[in-house]
Amino acid sequence: MCSKISYKVFLLGNECSQITGGKLTSIKQALLVVFYNLQVVKMNIRESARLTVREIEIFWEKARIPVQEIQHCISKLEKL
């Protein structure tokens, strides 16, 4: 599920480099990907949230679930 190189994030667990699995994404999975992008890939918070939201959007489109505008999703993820 997660990459071979992972770091532990307090209260969340090991960071993951991408969103995987057959279920819809949880907030925990999204935050783990955001923290991975922040610490390992060295992205800023906005870029990391944008990339994570785009990955989540792919899963939601497969399930044919409507999604809010990307900019609103990014701001919600940043607030978390």
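## Crossing of helix 2 and helix 3

Helix 2 passes helix 3 in a right-handed crossing. The residues that helix 2 brings to this contact are Ile45, Arg46, Ala49, Arg50, Thr52, Val53 and Glu57, while helix 3 supplies Ile70, Cys73, Ile74, Leu77 and Glu78. By residue class, the contact of the two helices divides into seven nonpolar, one polar and four charged.

In this predicted model, the axes of helix 2 and helix 3, the latter spanning residues 70–79, come within 9 Å and cross at roughly 120 degrees. An angle from 65 to 115 degrees would count as roughly perpendicular, and one over 145 as roughly antiparallel; the two helices are therefore oblique to each other.

## Surroundings of Ala49

Ala49 lies in helix 2 and belongs to the contact with helix 3. Its relative accessible area is 1%. Buried means under 20%, so Ala49 is buried.

Leaving aside neighbours within four places in sequence, Ala49 is in contact with Val34, Ile74, Leu77 and Glu78. Ile74, Leu77 and Glu78 are among the residues that helix 3 contributes to the crossing. Between Ala49 and Leu38, which are 11 residues apart in sequence, the C-alpha to C-alpha distance is 9.4 Å.

## Confidence of the prediction

The protein has an average pLDDT of 78, and 75% of the residues score at least 70. Confidence is highest in helix 2 (residues 45–62), at a mean of 88, and lowest in strand 1 (residues 8–9), at 60. Where pLDDT is low, predicted coordinates should not be read in detail.

Technical notes:
Residues are numbered from 1 along each chain as its sequence is written. This is a predicted model: local features need pLDDT of at least 70, side-chain atom pairs count only at pLDDT 80 or more; totals for chains, interfaces and linings use all residues. Side-chain values use heavy atoms; hydrogens and water are left out. pLDDT is the predictor's confidence in each residue, from 0 to 100. Helices (H or I, at least four residues) and strands (E, at least two) are DSSP runs, numbered from the N terminus. Axes are lines fitted to C-alpha atoms, for helices over the stretch in contact, and angles run from 0 to 180 degrees between N-to-C directions. Angles under 35 degrees count as roughly parallel, over 145 as roughly antiparallel, 65 to 115 as roughly perpendicular and the rest as oblique. A crossing is left-handed if the near helix is turned anticlockwise from the far one by less than a right angle, and right-handed if clockwise. Contact means heavy atoms within 4.5 Å. Ala, Val, Leu, Ile, Met, Phe, Trp, Tyr, Cys and Pro count as nonpolar, Asp, Glu, Lys and Arg as charged, and the others, Gly among them, as polar. Buried means under 20% relative accessible area, exposed over 50%, partly exposed in between (1.4 Å probe, protein chains only).
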